Amino acid sequence: MRLASLSVHRATTRTRVSRAKLRRNALKRKLQSLLKLKKQPTGAHGVAGEVRLKLFGEGVDALAKHKSFKTKGSDLTLTLKKIRSDNKGGAIARFAEVSGRGSAEKLRGTVLCVPRDALPSLDDGEYYFMDLIGLAVFTDAGDAVGRTVDVQNFGATDIIEIAKDPVPAKGMKTFMVPMTKDAVIEWDAEKLVIAANFVDE
């Protein structure tokens, strides 16, 4: 699960979305608790150790519900002291363990995580992005296609990126499928089934 950015970038909870709401406004139902530091030079904010975050989903209020975050790949835990909107769609946060601008800059690229049991329960048809990544993908005809490697959202609906298996010698190694009822027939903890006509040959 991922978090935000330095400016901080992509979320640790990896995002919750209601399938029923996708047709209306998917972003309104997204929750983030996972943020990844943005790879931008303006990551730190000021000289006191504040970190600029780029948020996806419900934003500052959703993030503020989590008081501590694990850092992926290390034993460091960051304790959230305060967070506020930057009035540009992102946020500015202060962590107890980050004492100055130098410390904030060192967090660039760090992925912050929250435990799964700290996330809200899901309603029927809802999912966290992280639950979709790594699933084996089949068509509704039963043909193996590959495996999900990412989930994106460019404003209209969630888009699943699927890595082809076997990997083609030429051409695109992945393709995208919208997370809509027409394209994604069903999914569970092991696999995701897509309509055969959405497979990119």
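Predicted model: local features only at pLDDT ≥ 70, side-chain atom pairs only at ≥ 80, totals over all residues.

**The cores**

Let's begin on the inside. The largest nonpolar core is made of 19 residues, and the ones with the most contacts inside it are Leu 53, Phe 69, Ile 83 and Phe 95. Leaving aside residues up to four places away in sequence, Ile 83 touches Leu 53, Val 60, Leu 63, Ala 64, Ala 91, Ile 92 and Ala 93.

There is also a second, separate core, with 17 residues; among them are Leu 135, Val 137, Ile 160 and Phe 175.

How many of the residues of β8 are buried? The count is 5 of the 6, so β8 is largely enclosed by the rest of the structure.

**The open sheet**

Now for a sheet. It is an open one, built from 6 strands in the order β14-β13-β12-β11-β16-β15, with mixed pairing. Which strands stand at the edges? They are β14 (174–178) and β15 (184–187); each has a single partner strand, so one side of each is left without a neighbour in the sheet. From one strand to the next, the twist averages 35°.

Zoom in on β12 (residues 144–153) and β13 (residues 158–164): they run antiparallel and are joined by 7 bridges. Gln 152 stands opposite Ile 159 in β13.

**Aromatic rings**

The structure holds 3 aromatic pairs. Here are two of them, side by side.

| Pair | Arrangement | Centre to centre | Between the planes |
|---|---|---|---|
| Phe 69 and Phe 95 | edge-to-face | 6.2 Å | 90° |
| Tyr 127 and Trp 187 | edge-to-face | 5.4 Å | 85° |

Take the phenylalanines: Phe 69 lies in strand β6 (residues 68–71) and Phe 95 in strand β8, so their pair ties together parts that are 26 residues apart in sequence. Phe 69 is buried, with a relative accessible area of 2%, and Phe 95 is buried too, at 4%.

The pair of Tyr 127 and Trp 187 also bridges a stretch of sequence. Tyr 127 lies in strand β10 (residues 126–128) and Trp 187 in strand β15, so this pair ties together parts that are 60 residues apart in sequence. Are these two residues buried or partly exposed? Tyr 127 is buried, with a relative accessible area of 1%, whereas Trp 187 counts as partly exposed at 23% relative accessibility. Ring pairs link Tyr 127, Phe 129 and Trp 187 into a cluster.

Last stop: Glu 126, which has its place in strand β10. Glu 126 counts as buried, at 8% relative accessibility. A polar atom of the Glu 126 side chain lies 2.7 Å from the backbone nitrogen of Asp 123.

Definitions and conventions. Residues numbered from 1 in each chain as written. Heavy atoms only, no water. Core = buried A, V, L, I, M, F, W, Y, C linked by side-chain atoms within 4.5 Å. Buried < 20%, exposed > 50% of the residue type's maximum accessible area, 1.4 Å probe, protein only. Contact = heavy atoms within 4.5 Å. Pairing = 2+ DSSP bridges. Helix = DSSP H or I, 4+ residues; strand = E, 2+ residues; numbered from the N terminus. Axes fitted to C-alpha atoms, helices over the stretch in contact; angles between N-to-C directions. Phe/Tyr/Trp six-rings, centres within 6.5 Å; stacked < 30°, edge-to-face > 60°. Polar contact = N/O pair within 3.5 Å; in protein donor to acceptor, adjacent residues only side chain to side chain.
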